[in-house]
Amino acid sequence: MYFESHAHYDDPRFDDDRDELLASFPEEGIETVVNSSSDIASSKASIALAEKYPFFYASVGVHPHEVKSMTEDDIETLRQLSKHPKVVAIGEIGLDFYYDHSPRDAQRYWFKRQLKLAEELDMPIIVHSREASQECFDIIKASNVRKGVIHCYSGGAPMAKDYINMGFYIGIGGSLTFKNNRKTVEVVEQIPLEKILIETDAPYLAPVPHRGERNDSRLLKYVVEKIGSIKNIAEEDICNITKNNAIELFLK
């Protein structure tokens, strides 16, 4: 049974078949899903999904792409939304210096502000970091937040170990299966399975052999298969251990 630690089922790409798809998950072995949010609207949509499906949970937060229009009122809204019993994290939050959809100073400010919110609420964080690995790490280290997951981890093994030493989990998804992605393979080789969460980032980053297609949690099996081949661990054990990891982070 799979614990999907990061997906976006409120995304418009699921509008045509969302209910049918999500209703099929229990029989497909998808035991639990955390739906990650990118702004206030998607935070509310994630909560609505969590209310509809017993195996769904939500995070609330504003993605670095969207912080350019963020205000302090949004922090208060997130604080209120976080009180919902099925909200399990603040996220996804962080830095994205690849697309730069929001000014970098705004990204830094609202990342720190949402970290402070997570600290106040004693909640884990879901972190987005792209082309900003060191600065993202430094900002988190300077905060008092010590629980969360670095989603779709793209950094090197040494930094992954540093995150683990701070108390964080490493999110591994479909990019692990991509040709020539040696860096993520090395991360999986060098960190303990007890610190890995599996994810799809659906509808994005579908694993090989479905790369380029719409992703969903049924394709977690390819991520698990790849982890198994790297670590020489049975796929059932990978599912059980990563599920327990996610339960420890989000549901305890």
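Touching, or contact, here means heavy atoms within 4.5 Å. Ser-82 sits in the loop between α3 and β4, and with a relative accessible area of 9% it is buried. On that scale, buried means under 20% relative accessible area, exposed means over 50%, and partly exposed is in between, using a 1.4 Å probe and protein chains only.

Before going on, a word on what you are looking at. This is a predicted model, where local features need pLDDT of at least 70 and side-chain atom pairs count only at pLDDT 80 or more, while totals for chains, interfaces and linings use all residues. Residues are numbered from 1 along each chain as its sequence is written, and side-chain values use heavy atoms, with hydrogens and water left out. Helices (H or I, at least four residues) and strands (E, at least two) are DSSP runs, numbered from the N terminus.

Helix α2 covers residues 40-52 and helix α3 covers residues 72-81; they pack at an angle of about 10°, with axes 11 Å apart. The axes are lines fitted to C-alpha atoms, for helices over the stretch in contact, and the angles run from 0 to 180 degrees between N-to-C directions. So α2 and α3 are roughly parallel to each other. For the cut-offs, under 35 degrees counts as roughly parallel, over 145 as roughly antiparallel, 65 to 115 as roughly perpendicular, and the rest as oblique. From α2, the contact uses Ile-40, Ser-43, Lys-44 and Ile-47; from α3, Asp-74, Thr-77, Leu-78 and Leu-81. By class, the residues of that α2 with α3 contact are 4 nonpolar, 2 polar and 2 charged. Nonpolar here takes in Ala, Val, Leu, Ile, Met, Phe, Trp, Tyr, Cys and Pro; charged is Asp, Glu, Lys and Arg; the others, Gly among them, are polar.

What about the other partner, α4? The axes of α3 and helix α4 (residues 104-121) come within 11 Å and cross at roughly 30°, so α3 and α4 are also described as roughly parallel to each other. The crossing of α3 past α4 is right-handed. If you want the convention, a crossing is left-handed if the near helix is turned anticlockwise from the far one by less than a right angle, and right-handed if clockwise. On the α3 side, the contact is made by Glu-72, Ile-75, Leu-78 and Arg-79, and on the α4 side by Tyr-109, Trp-110, Arg-113, Gln-114, Leu-117, Glu-120 and Leu-121. That contact of α3 with α4 has 6 nonpolar, 1 polar and 4 charged residues.

Next stop, α7. Looking at α8 in particular, its axis and that of α7 come within 9 Å and cross at roughly 65°, and α7 passes α8 in a right-handed crossing. Val-185, Val-188 and Glu-189 of α7 meet Lys-226, Ile-227, Ile-230 and Lys-231 of α8 there. The contact of α7 with α8 divides into 4 nonpolar, no polar and 3 charged residues.

Last, some backbone geometry for anyone who likes checking torsions. Most residues other than glycine have a negative phi, and most peptide bonds are trans. Here, though, the bond from Gly-91 to Glu-92 is cis, with omega near 10°, and Glu-92 is in strand β4 (residues 87-96). A cis peptide bond also joins Val-208 and Pro-209, with omega about 20°; Pro-209 is in the loop between β8 and α8.

Asp-122 is in the loop between α4 and β5 (125-130) and counts as exposed at 55% relative accessibility. Asn-180, again not a glycine, has a positive phi of about 70°. Asn-180 is in the loop between β7 and α7, and its 71% relative accessibility makes it exposed.
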